[in-house]
Amino acid sequence: MTIQQLPPLLIDQIAAGEVVERPASVVKELVENAIDAGASRIELILHGGGLESIEVRDDGLGIPAEELELAVTSHATSKIVGVDDLQAIASLGFRGEALASIAAVSRLTLTSRPRGGEGASLSVEFGKLGPVKAAPAPEGTRIEVRDLFRNLPARLKFMKRESTERAHCLAWVERLAISHTGIGFRARAGDRVLLDVAPQDGIRDRVAAVLGQGLSDGMHHIEADLERLRLDAWIGPPDSARRDARQVHTYLNGRWVRDPRLMRAAREGVREFVPHGFYPSLVLQLTLDPVLVDVNVHPQKTEVRFRDDRFVVGSIIRTLAGGLAQSAWATGAERVFAGAASDRVAERAPAARKTAPSGDWSPQQRTDSPSLLAESAPLGLSEQAKPLDEGEILRVANTYLVREVPGGMELIDQHALHERVNLEELRREAAAGQVTVQPLLVPELLELSREDIALLAEEAPRLTGFGVDLEPFGETTLSVRGVPARLDRLRAADLIEELLELLRRPGSAAPEDLGDALLQRMSCRGAVMAGDHLSTEMLQDLLKRGAELPQDRTCAHGRPVRVFLSLEDLERAFYRR
Ligand code: ADP
Ligand code: MG
């Protein structure tokens, strides 16, 4: 076969494969264009999940009649002119190929009137341009996309049910609406209004419209202004965590992104308040000098590249973890894990609680159907639980401890409590400069690979500050000479396993963060396990140390340490009320 230049229409159709995956991609591109055009109100109207038609109207600055053809031509854009502009992109679009790609795979009608100008319109049928005609229109732009992929039967086959495609379309409007305060967004499917936020609605109103009022009200706001980076985070209560990432919204300079490193950093930062394997409800906005980030690495621009990965990742982790340590959930001003136990079993969002203190979180209204479990006795962590006395403690399955506390009773997970006690005590020592080392009578020798030995040898000097004393002992042997004194149950092999795992993590966080992550892991490995039988003395000691903690509501993995059942809860359970 000879090499031939492809015709322009085919080029656009191929490009469409990258940019236009499904109706939601069209919605994203059109709404982004409206935002870039300075609109203050944007409306989306869908039919047939977007496969029949997608219409986006805005009151932005419009397109002059003589530029309509250019707008639907590939590699034509008003947003950048030269390669220098690529280094600091402030608009959402810049590639100049969205409209051309969409027009290549649909029937597209573009109608626009620039401010103070005349209206005109242009239709394109699967890449074939019609004439530009004068058309009366309000100021702004209206784009209608019909019969998407009708010329690409192969692609059409991949489309899901109407309701699924509609949900994907809505998700994009929601993502953009959350971060673009100052712009009103309305989305309809036929006559049904799916989303409606006014220009003046603040971020909490927007989060409420998207994730539910209860969740929005309960969100904790954290902000940090570092020199080159500004962070704003709104985090939902621990019991709003989910098994999927649908309630995680990360933004970089207003652009919604789903970047694996950002996601990892966000999860690391909230790990003490979100159970292992769950994702938080989180809106995270990063604002940084556009020069420090490259958004031109992904056709849909949802992944990005930072000049200084470690700085960004480390800042996110520190800001979130630090901010959460000050939150009402950590300090105990608020009940954590309301109804956690029953919710986790049912794997759904939080159940309704009838006795709602202010700032409480109620069920996620939009996506959740009422649940049978919502009526079950609400559980909560101890609010002011301090033991009455050295009362009796009951062990259940050598895992849970039960005791009476003022106002009711408390169930404790012995492993979670021990882990939390270890962690807080180690942190206190580390903050004071040094974790006490317990030298081992007989150093433990471990066989490891050369690489691992090298990795550990490099870190060894720093690790003594965390109570870990290591020394290479031959090329493939490591000698563990000391471990943190408090962790008498920590096995050397477990410690090294955790350490290596942390050190090997790709793009691992800034060096300062290793410390706390290490303390967390050692605390867990050095804690009594579920099933371990504890002597009465040990129990008393553990509970006493627990009572002195600044934070004892959740373990280092975000699971609850204590569950409180109030007398009211008990009365309700026995129908005394
Ligand atoms: P890009 O957004 O990357 O520039 P597009 O293909 O999405 O490329 O749009 C091409 C051009 O059409 C934009 O640069 C802009 O000038 C114009 N345009 C598109 N949509 C609108 C709109 N809603 N309002 C005003 N101008 C628009
Ligand atoms: Mg665009």
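This is a dialogue on how to read several features of a predicted model.

Colleague: Which residues around ligand 1 come nearest?

Modeller: Since the model is predicted, read the ligand site as computed. The shell around ligand 1 holds 19 residues, and N33, T77, S78, K79 and G96 come nearest.

Colleague: How many residues of each class does that shell have?

Modeller: The shell around ligand 1 has 8 nonpolar, 7 polar and 4 charged residues. Helices contribute as well: α2 (23-36) and α4 (98-104) each supply at least two residues of the shell.

Colleague: Which atoms of the protein lie close enough to ligand 1 for a polar contact?

Modeller: A polar contact is a pair of N or O atoms within 3.5 Å. Among them here is N33, with a polar side-chain atom 2.8 Å from an oxygen atom of ligand 1. L99 takes part through its backbone, where a polar atom is 2.9 Å from an oxygen atom of ligand 1. For T141, an N or O atom in the side chain is 3.3 Å from a nitrogen atom of ligand 1.

Colleague: How much of ligand 1 does the protein bury?

Modeller: Ligand 1 exposes 530 Å² when taken alone, and the protein buries 93% of that.

Colleague: Why is β6 described as largely enclosed?

Modeller: The count of buried residues decides that, with buried meaning under 20% relative accessible area. Strand β6 (residues 140-146) has 5 of its 7 residues buried, so the rest of the structure largely encloses it.

Colleague: In the sheet with β19, β20 and β21, what is the strand order?

Modeller: The order is β19-β21-β20 in an open sheet of 3 strands, with antiparallel pairing. β19 (437-447) and β20 (469-472) are the edge strands; each has a single partner strand, so one side of each lacks a neighbour in the sheet. From one strand to the next the twist averages 15°.

Colleague: How many bridges pair β20 with β21?

Modeller: Strand β21 (residues 477-484) and β20 pair over 4 bridges, in the antiparallel sense. One of the pairs joins L470 to V480 in β21.

Colleague: Is V304 buried or exposed?

Modeller: Accessibility is judged residue by residue. V304 has 4% relative accessibility and so counts as buried, although V304 lies in a loop, the one between β14 (293-294) and β15 (305-306). V304 and R258 are 46 residues apart in sequence, with their C-alpha atoms 8.7 Å apart in space.

Colleague: And S315, what does its side chain reach?

Modeller: The side chain of S315 reaches the backbone oxygen of F311 at 2.6 Å. S315 sits in helix α10 (residues 309-325) and is buried, at 2% relative accessibility.

Colleague: Which residue other than glycine has a phi near 60°?

Modeller: H75 has that positive value. H75 is in the loop between α3 (68-71) and α4, and a relative accessible area of 61% makes H75 exposed. Y575, not a glycine either, has a positive phi of about 55°. Y575 is in the segment after α18 (567-573) and is exposed, with a relative accessible area of 73%.

Technical notes:
Residues are numbered from 1 along each chain as its sequence is written. Chains are lettered from A and ligands numbered from 1 in the order in which they are written. This is a predicted model: local features need pLDDT of at least 70, side-chain atom pairs count only at pLDDT 80 or more; totals for chains, interfaces and linings use all residues. Side-chain values use heavy atoms; hydrogens and water are left out. A residue is near a molecule or strand if one of its heavy atoms lies within 4 Å of it. A polar contact is a pair of N or O atoms within 3.5 Å; within protein, one must be able to donate a hydrogen and the other to accept it, and residues adjacent in sequence count only if both atoms are side-chain atoms. Accessible areas come from the Shrake-Rupley method with a 1.4 Å probe; for residues, only the protein chains shown count as cover. Ala, Val, Leu, Ile, Met, Phe, Trp, Tyr, Cys and Pro count as nonpolar, Asp, Glu, Lys and Arg as charged, and the others, Gly among them, as polar. Two strands pair if DSSP finds at least two bridges between them. Axes are lines fitted to C-alpha atoms, for helices over the stretch in contact, and angles run from 0 to 180 degrees between N-to-C directions. Buried means under 20% relative accessible area, exposed over 50%, partly exposed in between (1.4 Å probe, protein chains only).
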